[in-house]
Amino acid sequence: MTRMDDLVVVGAGPYGLSIAAHAAAAGLGVRVLGRPMASWRDHMPAGMYLKSEPWSSNLSAPGGRHTLADYCATRGLVAEHGTPLPIGTFSAYGLWFARHAGGPEVEEATVTEVAPRGDGFVVRTAEGPPRLTRAVALAVGVMPFVNFPPALRDLPPTHYSHSSGHRDLSRFAGREVAVLGAGQAALETAALLAEAGAMPCLVARRSRLNWNTAPQPLKRPLARALRDPHSGLGTGWRSWMWSELPWAVRRLPAPTRERIAATALGPAGAWWLRDRFEQRVPVLLGHHLHRAVAVGERTRLGLTTAAGESVVLDVAHVIAATGFVPELRRLELLDAGLRAALATVGGGGTPELDPRFESSWPGLFFAGLLTAPSFGPSMRFVHGAGFTAGRLVKGVLRRLAGRGAPPGSCGGSRVDRAAAGYPKTYLR
């Protein structure tokens, strides 16, 4: 008989690894499918830094163990407030967490389909036989939701790329590259291109670039701390609310949640990047891309200024640092019929979720970017994993109890599972 797991976690980034650690601690039979820390290891150029503060960039394990600071202490590395942390260090921390936080060993499998099967799901992969499971947590990260401006989509694939498509920017040395966007990815990609010997130009619709200020000290006079509190998403009461009260965001009307997810914590560059960028990268601000044409091996961009003037930019390559758009329709690994049946947030294309991240399809849970219109902007950042993991696992336990299918096939009720030794914190 084919083994049936309690929970399959699809994705092995910060959210997937955190969910797995909590699920294993709760006694669930859990599997994790994916490449550990793939977005950081495979889709960010060497030389990038973590934008968030180290203390707000922890993966989540029961009891608050296995933090980024714990990892750095074992390696003699610095993880302190106000000191940017290399992406490579964060990636290595995620791999260390996967080995030490108590979750199952990650299976590096490419999931091709998640579909309903009886009272559970079948999960198919490119590498092996299908897996059967009672519940699924989709923690797929951002890569399924890569966003390109419509004007680029008719270009030959070699003429343009997304900022997440590059591990090494040195191949652009000596070449003109247009970088589209105004957020951290655009600004840092452009700076790294210049430092690698390329000739970048930043093109943005915004009339000005926004830069974060250097972080205030953690220890400050009480009045100043109350006026401008620290949070995992930055300083200020608004950032504190998004960071610390995702449950309250979920109670807002759907249109309000959608607006918050789309507009809060908008594009801005890190304070430590500003000098590197401004000294080496020319910018075209207030320019809207309306046309892109391949001319031989080069690309000609048609831009329009806010005043309606036309500008032509001729470059060797275009890098779109235009972010990610969370939409269920882009999640092709999810069975089409199941996708169509899901209740969504307002008029958008993201799943409506209950307080424990379960969708309207029983046993199907979501984590990460797709949950931002339900729980707010913290779900766009690593910091949101701390809010998500334990609550989602509680939801899985409740769902399995409702089906009479207890973790590890031990008894059929919450009382049975409590008696079997599962931590009470997961049974509330």
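Start by selecting Arg-274 and Glu-278: their side chains meet in a salt bridge, with 3.0 Å from N to O. Keep in mind as you look around that this is a predicted model. Both residues sit in helix α10 (residues 274-278), four residues apart, which is about one turn of the helix. Colour by accessibility and you'll find Arg-274 partly exposed at 38%, and Glu-278 partly exposed too, at 46%.

Now for a bigger group. Select Arg-3, Asp-5, Arg-31, Glu-107 and Arg-131: salt bridges with shared partners join them into one network. Zoom in on Arg-3 and Asp-5, whose side chains meet at 2.7 Å, N to O. Which of the two is buried, and which is exposed? Arg-3 counts as exposed, with 51% relative accessibility, whereas Asp-5 is buried at 1%.

Next, pick Arg-124 and Glu-113, another salt bridge at 2.7 Å, N to O. Arg-124 belongs to strand β6 (residues 120-125) and Glu-113 to strand β5 (residues 111-117), so this pair ties together parts that are eleven residues apart in sequence. Arg-124 is partly exposed at 30%, and Glu-113 is partly exposed at 25%.

Last stop: the cysteines. Select Cys-72, which is buried at 1% relative accessible area, then Cys-201, buried at 14%. Don't look for a disulfide, though: the count is zero.

Key:
Residues numbered from 1 in each chain as written. Predicted model: local features only at pLDDT ≥ 70, side-chain atom pairs only at ≥ 80, totals over all residues. Heavy atoms only, no water. Disulfide = S-S within 2.5 Å. Buried < 20%, exposed > 50% of the residue type's maximum accessible area, 1.4 Å probe, protein only. Salt bridge = Lys/Arg side-chain N within 4 Å of Asp/Glu carboxyl O. Helix = DSSP H or I, 4+ residues; strand = E, 2+ residues; numbered from the N terminus.
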